[in-house]
Amino acid sequence: MKTRTRLSAWVYLAVLVGIFTLQKTWGGIVRSGPIPTPDQAIGDLTRATSLERSTFANDKAFFTPIRKPQPGDWLAEHDEPGQTVLEYRLGLSALKPTPEQKALYMLPLGQFEPGSPSLAKLREFGAAFFGMETRLLRVTAVEKVPAKRRIFGRPPKRQLLSTDILEWLPGVKPRDAYSIIAVTMEDLYPDEAWNFVFGQATLQGGAGVFSFARYDPAFYGIKRDEQTQALILKRSCKVLAHETGHMFGLMHCVFFECLMNGSNHLDETDTRPMHLCPVCLRKLQLSSGFDLLKREEALLKFFEANSITDEAAWSRRWLEKLRSAK
Ligand SMILES: [Zn+2]
Ligand SMILES: [Zn+2]
């Protein structure tokens with residue numbers, strides 16, 4: 001487990017390094033002093049509309065402060081500063097989709113056999129979550145991708161070199177793409193020294209590659225049951241939204257239990273909610289500009305259609321609150 005923990009840390013760090021590089025261009029912010037409180041991170045709402053005030057309020061009926069990390073958890077091993085809405089705003093101009101580049105693209109790499117997460121459902125979730133046109137490109141055969149591969153592990157399995165895929169993606173990125181995300185059931189590795197990597201993204205290039213292979217219990221030799229399909233879909237939606245969130249410049253959340261919390265292992269991923277806290281939602285809305293009510297309605301529809309009952313119940317209550325604020 002330790003190796004896996006360290007490896008998953010590596011991938012998230014890979015994304016973070018990009019963000020820190022970007023942050024340097026935001027005016028070289030270096031925050032001193034303690035981590036801001038959740039209310040400070042949300043920022044001033046006095047000039048916001050009543051819907052925005054209701055949406056971004058630190059409402060304890062909906063949002064839980066981030067729990068104290070246990071040994072092995074992400075924050076037990078990473079000293080992260082968090083990112084307030086105000087800090088995010090300083091780099092916002094570089095993070096907004098433009099009229100020319102306003103769509104998200106998902107590129108399936110290799111086959112998605114029965115038992116894999118549904119590409120149509122992943123697309124639908126991406127569109128609802130980011131409130132943006134999200135398009136599915138045609139499947140590209142693994143043989144057509146100029147990525148180095150190796151046979152690794154017990155039992156031996158094929159792995160693709162993720163950095164090669166990241167270099168290749170900008171060349172197949174449609175002109176109107178804000179970002180392109182390759183999704184695959186192939187296992188990935190980032191470097192000869194590593195066993196595997198869940199995924200990797202470049203911020204400047206707006207490209208990412210994520211493998212769902214290790215979200216299937218069958219990968220570890222655990223028998224699938226009737227809950228497995230729903231579990232795989234949930235995990236895959238979470239990683240898609242979390243990693244694409246990084247591509248919108250969102251750093252790991254240290255304020256609430258939130259989809260943007262860092263995660264060191266699958267248990268941490270599984271206990272993380274599928275929704276954003278007010279800090280992260282406010283940031284994403286500043287970038288994407290979606291209608292807050294329409295977004296939540298689309299997410300509720302998705303949760304209900306896919307029997308994601310806990311999130312559907314949360315979303316239903318949340319929508320009720322937002323509608324009453326209008
Ligand atoms: Zn992350
Ligand atoms: Zn958050």
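## Helix 12 and its cover

Helix 11 (292-305) is part of what covers the buried residues of helix 12. This is a predicted model, in which local features need pLDDT of at least 70, side-chain atom pairs count only at pLDDT 80 or more, and totals for chains, interfaces and linings use all residues. Residues are numbered from 1 along each chain as its sequence is written, while chains are lettered from A and ligands numbered from 1 in the order in which they are written.

Helices (H or I, at least four residues) and strands (E, at least two) are DSSP runs, numbered from the N terminus. Which residues of helix 12 are buried? They are E311, S315 and W318; buried means that 20 or more other C-beta atoms lie within 10 Å of a residue's own, exposed means 12 or fewer, partly exposed is in between, and C-beta atoms are placed from the backbone. Seen down the axis of helix 12, the buried residues fall within an arc of 70 degrees (taken from the directions from the helix axis to the C-beta atoms), so they line one face. On the other side, T309, R317, E320 and S324 are exposed.

## A closer look at A128

A128 belongs to helix 6 (residues 119-130). Why is A128 counted as buried? Because A128 has 23 C-beta neighbours inside 10 Å.

Leaving out residues up to four places away in sequence, A128 touches R295, A298, L299 and F302 (contact means C-beta atoms, placed from the backbone, within 7 Å). A128 and A298 are 170 residues apart along the chain, yet 5.3 Å separates their C-alpha atoms.

Terms used
Two residues are in contact if their C-beta atoms, placed from the backbone, lie within 7 Å.
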